[in-house]
Amino acid sequence: MIEAIIRNLQNFYDTSVFFAILIIGLFLIFWDYPIFKSLKYKRDAAVTMAMGVLHLIAPFILYAISKL
């Protein structure tokens, strides 16, 4: 089962997916987060920051899995 998941990631994963996930993370951190913070939406700002950080980490994790 795990081998099937790894093969699926290897077939799916290329540089455009890598950069798209990174760009989404940067957008969340540098665009959405300041807006929510200035509007004093603390919970939305926290969720946006967490999602941004996860989107910055996820491509590297997926890359490592695809190289197994």
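Student: Is K40 buried or exposed?

Tutor: K40 is exposed, with a relative accessible area of 67%. Buried means under 20% relative accessible area, exposed over 50%, and partly exposed in between (1.4 Å probe, protein chains only). Before we go on: this is a predicted model, where local features need pLDDT of at least 70, side-chain atom pairs count only at pLDDT 80 or more, and totals for chains, interfaces and linings use all residues. Residues are numbered from 1 along each chain as its sequence is written, and side-chain values use heavy atoms, with hydrogens and water left out.

Student: OK, and where is K40 found?

Tutor: In the loop between α2 and α3. Helices here are DSSP runs (H or I, at least four residues; strands are E, at least two), numbered from the N terminus.

Student: What's the phi of K40?

Tutor: Near 65°, a positive value in a residue other than glycine. Most residues other than glycine have a negative phi.

Student: Switching to α2, which of its residues are buried?

Tutor: V17, F18, I21, L22, G25, L28 and I29. F18, for one, has a relative accessible area of 15%. Its C-alpha atom is separated by 10.0 Å from that of H55, 37 residues apart along the chain.

Student: And where does α2 bend?

Tutor: At D32, by about 35°, and a proline, P34, follows within four residues. The bend is the angle between axes fitted to the seven residues ending at a residue and the seven starting there.

Student: What about α3, where is its kink?

Tutor: At I57, about 30°, shortly before the proline P59. P59 is also one of the buried residues of α3, along with A45, T48, G52 and S66.

Student: So how do α2 and α3 pack, at what angle?

Tutor: About 165°, with their axes 8 Å apart. Axes are lines fitted to C-alpha atoms, for helices over the stretch in contact, and angles run from 0 to 180 degrees between N-to-C directions. The two helices are therefore roughly antiparallel to each other, a term for angles over 145 degrees.

Student: Which kinds of residues make up that contact?

Tutor: The contact of α2 with α3 has 18 nonpolar, four polar and three charged residues. Ala, Val, Leu, Ile, Met, Phe, Trp, Tyr, Cys and Pro count as nonpolar, Asp, Glu, Lys and Arg as charged, and the others, Gly among them, as polar.

Methods
Parallel < 35°, antiparallel > 145°, perpendicular 65-115°, else oblique.
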